[in-house]
Amino acid sequence: DSPWCDIRKGNFGFPDVQTKFPTSKKNKFRMGTCVERRNEPCHIVQIYEVLAAHHPAAQADPGGFAERLYQNTLDVFLPSLRPSGDETPDPDTAPESVMSPV
């Protein structure tokens, strides 16, 4: 159900999630906890865990896969944080390995 809610027991990838976060109900929110049933930014690690369990690129190079997931997230949600001079690869000139989908 992401991006709207957390990965739940009924979701395909739930058995692959290893990282858990403390939660609280939205009407009883406590600082330092995630809001129950909401997809929070810290949950990106859970998305990685699910993808890494099933994607061949993650199994071949877990660190590289994590870096690509992180860079893709920055490109989509925070492009201003990309370091100066670090341009998105041109699909016409970039090696196939750079442009392959995650």
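Analyst: Happy to! A residue is called buried under 20% relative accessible area, exposed over 50%, and partly exposed in between. Keep in mind that this is a predicted model. With those cut-offs, R8 is partly exposed because its relative accessible area is 26%. The side chain of R8 forms a salt bridge with that of D6, at 3.3 Å from N to O.

The count of salt bridges comes to 2, and the other partners to look at are K25 and E36, whose side chains meet at 3.4 Å, N to O. K25 sits in the loop between β1 (23-24) and β2, while E36 sits in the loop between β2 and α1, so this bridge ties together parts 11 residues apart in sequence. K25 has 46% relative accessibility and therefore counts as partly exposed; E36, at 36%, is partly exposed too.

The loop between β2 (34-35) and α1 also holds R37. Its phi is near 70 degrees, a positive value in a residue other than glycine. R37 counts as partly exposed, because its relative accessibility is 47%.

Now follow the chain to the rings, where the structure has 1 aromatic pair. The ring centres of Y48 and F65 are 5.9 Å apart and their planes stand at 45 degrees, so the pair is tilted. Y48 belongs to helix α1 (residues 44-54) and F65 to helix α3 (residues 62-77), so the pair links parts 17 residues apart in sequence. F65 has a relative accessibility of 1%, so F65 counts as buried.

How values were computed:
Residues are numbered from 1 along each chain as its sequence is written. This is a predicted model: local features need pLDDT of at least 70, side-chain atom pairs count only at pLDDT 80 or more; totals for chains, interfaces and linings use all residues. Side-chain values use heavy atoms; hydrogens and water are left out. Rings of Phe, Tyr and Trp (its six-membered ring) pair if their centres lie within 6.5 Å; planes under 30 degrees apart count as stacked, over 60 as edge-to-face and the rest as tilted. Helices (H or I, at least four residues) and strands (E, at least two) are DSSP runs, numbered from the N terminus. Buried means under 20% relative accessible area, exposed over 50%, partly exposed in between (1.4 Å probe, protein chains only). A salt bridge is a side-chain nitrogen of Lys or Arg within 4 Å of a carboxyl oxygen of Asp or Glu.
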